Every structure is written in C-alpha cells, then in structure tokens.
Amino acid sequence: MTGAAASGYVLHDYFRSSASYRVRIALNLKGVAYRRHDVSLVKGDQRSPEHLARNAQGFVPALELPDGRMLGQSLAIIEWIESAHPEPALYPADPFARARAMERALLIACDIHPLNNLRVLRYLSIALGAEQAARDDWYRHWVAEGFAALEQMAGDARFLGGEAPGIADVCLVPQMFNARRLELDVTPYPRLVAIDSAMAALDAVAAAHPDRVQPAV
C-alpha cells in the first residue's frame with residue numbers, strides 16, 4: 001500500500017509516532033496509496049526549517065496532497081481522507097453514532113496521548129528533573145486511567161466501531177502498542193485487548209505497524 005504512490009500522497013511521519021500510526025492505518029484500510037517520508041523525532045528532524053514549512057507546530061504526521069497542499073493533526077487528516085475516499089467508511093452515517101465514535105476516539109487522541117507524547121516526557125525530564133522510572137509511571141498512569149473508561153465504553157461488537165473498524169479502532173491500535181511498549185498490564189481491559197487483536201489480524205493494520213515501517217539504521 002505504500003511505496004511509489006500513483007495517488008501522489010506523501011506522508012511525512014515517524015515510525016513510532018502514535019498520530020502517524022493512526023494515519024497509516026486509515027490510509028491502508030481505505031486502500032489509498034502513499035509514499036512515506038521519515039521525520040526522525042529522535043534526531044530532531046521535526047524542528048528543521050524544511051519540516052516547519054510543512055507543519056508550523058513541528059509535529060508529525062503531515063500529509064502532503066497531490067497538489068502540494070499540506071494537512072497536519074492526525075484526526076483532521078483522517079477526516080479529510082474520509083471525505084476524499086469515503087469507502088470503506090470509518091465514521092458512522094448516523095449523527096449520534098458518529099458522535100459516539102468520536103467520543104471514544106477523542107478519549108484516546110486528546111485525553112491519553114497528549115500527556116504521553118515525546119515533548120511532554122522530555123519536559124518532565126529536562127525541566128522538572130523526573131527520572132526515567134517516574135516518567136514511565138506517569139505514562140502508565142494516564143493510559144490506565146483512559147483505558148479503564150474506554151473498556152466500559154467498548155460494547156460487545158468485534159470492534160469499537162461495530163462489526164467493521166472505525167475511527168476509534170484506528171486510534172486504539174497505536175495506544176495499545178505504546179501501552180505494551182511501556183509495560184502497562186493490559187489484562188484489566190479484556191475488551192480492548194480483543195479488539196486490538198481483531199485489528200491486528202487485518203492486513204491493512206498489520207502493514208502500518210511500526211516494525212513494518214521502521215527505517216533501516
């Protein structure tokens with residue numbers, strides 16, 4: 001699905017960025033071809049003049065459209081993808097169901113993820129003197145708090161979005177990946193674990209995994 005993209009889309013991303021991971025999943029689920037351009041957050045590429053011209057916040061991802069226009073913020077990008085490539089749908093047609101789907105997605109993207117992204121963790125270390133163990137505890141605390149609520153909201157369907165993946169599932173997968181990477185015990189969230197496993201079984205989702213797109217050292 002990636003590679004030299006006939007569509008002309010270029011995704012400027014970092015392989016382990018949760019927000020970038022979301023967009024890769026969305027593009028893959030819709031079968032939209034794109035080319036990846038790696039922006040290393042560890043090396044500081046996001047602060048380069050070249051990348052700041054793409055995204056004034058210095059964030060990833062940035063999606064470059066075939067006509068050269070740029071979009072930032074993962075959920076804004078995914079909403080644009082949904083409009084430009086409506087099938088298969090990631091958002092319900094019913095207004096209330098759509099709002100409920102966004103409620104779950106925003107719990108992850110706005111209430112869990114921002115507290116745990118790289119710039120916040122670096123601030124904890126550099127400005128506040130937090131040790132690595134304290135940083136890791138901070139990370140796990142906010143994920144656990146959010147997951148506890150999301151587990152109660154998960155329902156009984158195969159996915160958070162019902163019987164087909166939706167916007168909330170697209171957000172869940174990267175957060176589950178990072179939760180495990182930071183050694184959070186996910187056994188208290190059996191519905192989330194099951195939904196994540198169902199997503200991982202999809203070729204489109206597997207192809208977006210950080211291990212599949214990690215640049216060669």
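Trainee: Is the crossing of α4 and α7 left-handed or right-handed?

Mentor: Left-handed, meaning the near helix is turned anticlockwise from the far one by less than a right angle. Bear in mind that this is a predicted model, where local features need pLDDT of at least 70, side-chain atom pairs count only at pLDDT 80 or more, and totals for chains, interfaces and linings use all residues. Residues are numbered from 1 along each chain as its sequence is written, and side-chain values use heavy atoms, with hydrogens and water left out.

Trainee: Which residues of α4 and α7 make the contact?

Mentor: A101, M102, R104, A105, I108 and I112 come from α4, and I167, A168, C171, L172 and Q175 from α7. Contact here means heavy atoms within 4.5 Å.

Trainee: New topic: which residues have the most contacts inside the largest nonpolar core?

Mentor: They are I25, I78, F147, L160, I167, L172 and L192, in a core of 55 residues. Such a core is a set of buried Ala, Val, Leu, Ile, Met, Phe, Trp, Tyr and Cys residues joined through side-chain atoms within 4.5 Å; buried is under 20% relative accessible area (1.4 Å probe, protein chains only).

Trainee: Which helix gives the most to this core?

Mentor: α7, with nine residues.

Trainee: And what is L192 in contact with, leaving aside its neighbours within four places in sequence?

Mentor: F147, L150, E151, A154, L160, L172 and M176.

Key: Helix = DSSP H or I, 4+ residues; strand = E, 2+ residues; numbered from the N terminus. Buried < 20%, exposed > 50% of the residue type's maximum accessible area, 1.4 Å probe, protein only.
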